[in-house]
Amino acid sequence: MEIINNPTHDEIKKAAKALKDGHLVAFPTETVYGLGADATNEKAVSRIYSVKGRPSDHPLIVHISSINLLEKWAIDIQEYAIQLARDFWPGPMTLILKRSAVAKDYITGGQSNVGLRVPSQPIALALLAEFEKNGGIGVAAPSANLFGAVSPTSAGDVGEELGAYLNTTDLILDGGRCSVGVESTIIDCTKPHPDLLRPGAITVEMIEKTTGLKIFSSFTKSEIRVSGLLESHYSPKAKVIIGKDAEPGDGFIAMANQATPAGVIRLAIPENIEEFARDFYSALREGDRRGLKKITVVNPDGEGLAAAIRDRLSKAASGK
Ligand code: TXA
Ligand code: MG
């Protein structure tokens, strides 16, 4: 596996070719790093599952360079879904749509729906555009972490966690730290009303404003199989506790206005919610690097990104 720092256009072309040839390419997006494979190459996609240790019935998001490829992958698209795509792509939003015949069972986990996203990170967009110039139509990419673990927000995180499982012909593109830091908002657009399956930087308020529709928020009880809905997920090795009462020796993550309790190890001190989201996963990883047994996190208040963080936090805290 080769790590390419701040890839040049030629290096991005080389990575696109590697994808086309069936290799894996980890790449930065604005949310978290993804582990990419040609979404029409079953063998390449199956390697994503083996590298991550992910159950094979969990669906993958297909990344495309623009809205123009939407109808390649999806059929019977609701008007409001098109509106969302127009307003928020490229960006941190995934739409769940009725799949076309190109979205095979090995992408959708056997479900009749497919997840699609146009990321905004420039390296990701350039990679997808080059891949499509080579005849590709989409890159399947889950977060580039081991199944159940914390999503990676830097190329170093990816190398540390997956390096041992990648081949010499696989690549990691290093585009620095992710600007958003939590995974994309997932919206089920297969029904007359949008349904929020995973909260993220594209908020309920933004979705309702764009569509003029009331959104359901079944992300705590959806029947659609979303691996993020499994009990223990986004978990570091340390036990995650939600609350203010950190004990000496604990890691501690809270907004800057929250004082550091005596004897704890402050892992992040974000000034605002955007910074909280950006630093959250790397702070959890830092806790593990330091071998901490417990990390106490004070839930951030508010809607939007704060709701996304609380969602990930409740999953990181459950089941362990
Ligand atoms: O921000 C993101 O979405 C990142 C970057 C790399 O794009 N990707 C990501 O992928 O978070 P992953 O696989 O770690 O999480 C995607 C979630 C999974 O929980 C999966 O079950 C769900 O999306 N998903 C994908 N396709 C789906 C589908 N057809 N129906 C329902 N859920 C789906
Ligand atoms: Mg993931």
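Select Val 62 and Leu 116 to begin: Val 62 stands opposite Leu 116 in strand S6. Strands here are DSSP runs (E, at least two residues), helices are runs of H or I with at least four residues, and both are numbered from the N terminus. This is a predicted model, where local features need pLDDT of at least 70, side-chain atom pairs count only at pLDDT 80 or more, and totals for chains, interfaces and linings use all residues. Residues are numbered from 1 along each chain as its sequence is written, chains are lettered from A and ligands numbered from 1 in the order in which they are written, and side-chain values use heavy atoms, with hydrogens and water left out.

**Stop 1: strand S6 and its neighbours**

Now colour S4 and S6. They run parallel, joined by three bridges; two strands count as paired if DSSP finds at least two bridges between them.

Is S6 buried or exposed? Five of its five residues are buried, so S6 is largely enclosed by the rest of the structure. Buried means under 20% relative accessible area, exposed means over 50%, and partly exposed is in between (1.4 Å probe, protein chains only). Show the side chains and you'll see Asn 113, Gly 115 and Arg 117 pointing one way from S6, with Val 114 and Leu 116 pointing the other way.

**Stop 2: ligand 1**

Next, click on ligand 1. There are 25 residues around it, and Thr 31, Arg 54, His 63, Ser 143 and Ser 184 come nearest. To be counted, a residue needs one of its heavy atoms within 4 Å.

Try the distance tool on these polar contacts (pairs of N or O atoms within 3.5 Å; within protein, one must be able to donate a hydrogen and the other to accept it, and residues adjacent in sequence count only if both atoms are side-chain atoms):

- Thr 31: a polar side-chain atom lies 2.7 Å from an oxygen atom of ligand 1.
- Ser 184: a polar side-chain atom lies 2.6 Å from an oxygen atom of ligand 1.
- Asn 113: a polar backbone atom is 3.0 Å from a nitrogen atom of ligand 1.

How much of ligand 1 does the protein bury? Taken alone, ligand 1 exposes 680 Å², and the protein buries 98% of that. These areas come from the Shrake-Rupley method with a 1.4 Å probe; for residues, only the protein chains shown count as cover.

Which elements give two or more residues to the shell around ligand 1? They are strand S4 (61-63) and strand S6 (113-117). S6 gives the most, with four residues. Colour the shell by class and you get 11 nonpolar, nine polar and five charged residues. Ala, Val, Leu, Ile, Met, Phe, Trp, Tyr, Cys and Pro count as nonpolar, Asp, Glu, Lys and Arg as charged, and the others, Gly among them, as polar.

**Stop 3**

Zoom out and switch to cartoon view. Ten strands form an open sheet with mixed pairing, in the order S1-S8-S2-S3-S7-S4-S6-S5-S9-S10. Its edge strands are S1 and S10 (195-198), each pairing on one side only. Within this sheet, pick S2 (25-27) and S3 (34-38), an antiparallel pair with three bridges. Val 25 has Gly 36 in S3 as its bridge partner.

Then find the open sheet of four strands, ordered S11-S14-S12-S13 with parallel pairing. S11 (239-242) and S13 (265-268) are the edge strands.

**Stop 4**

Most residues other than glycine have a negative phi, and most peptide bonds are trans. Now for some exceptions.

Select Trp 89 and Pro 90: a cis peptide bond joins them, with omega about -10 degrees. Pro 90 lies in the loop between helix H4 (79-88) and strand S5 (93-98).

Jump to Asn 6, whose phi is positive, near 35 degrees. You'll find Asn 6 in the loop between strand S1 (2-5) and helix H1 (9-20), and it is exposed, with a relative accessible area of 60%.

Finish at Asp 76, where phi is also positive, near 50 degrees. Asp 76 sits in the loop between helix H3 (70-73) and H4 and is exposed too, at 58% relative accessible area.
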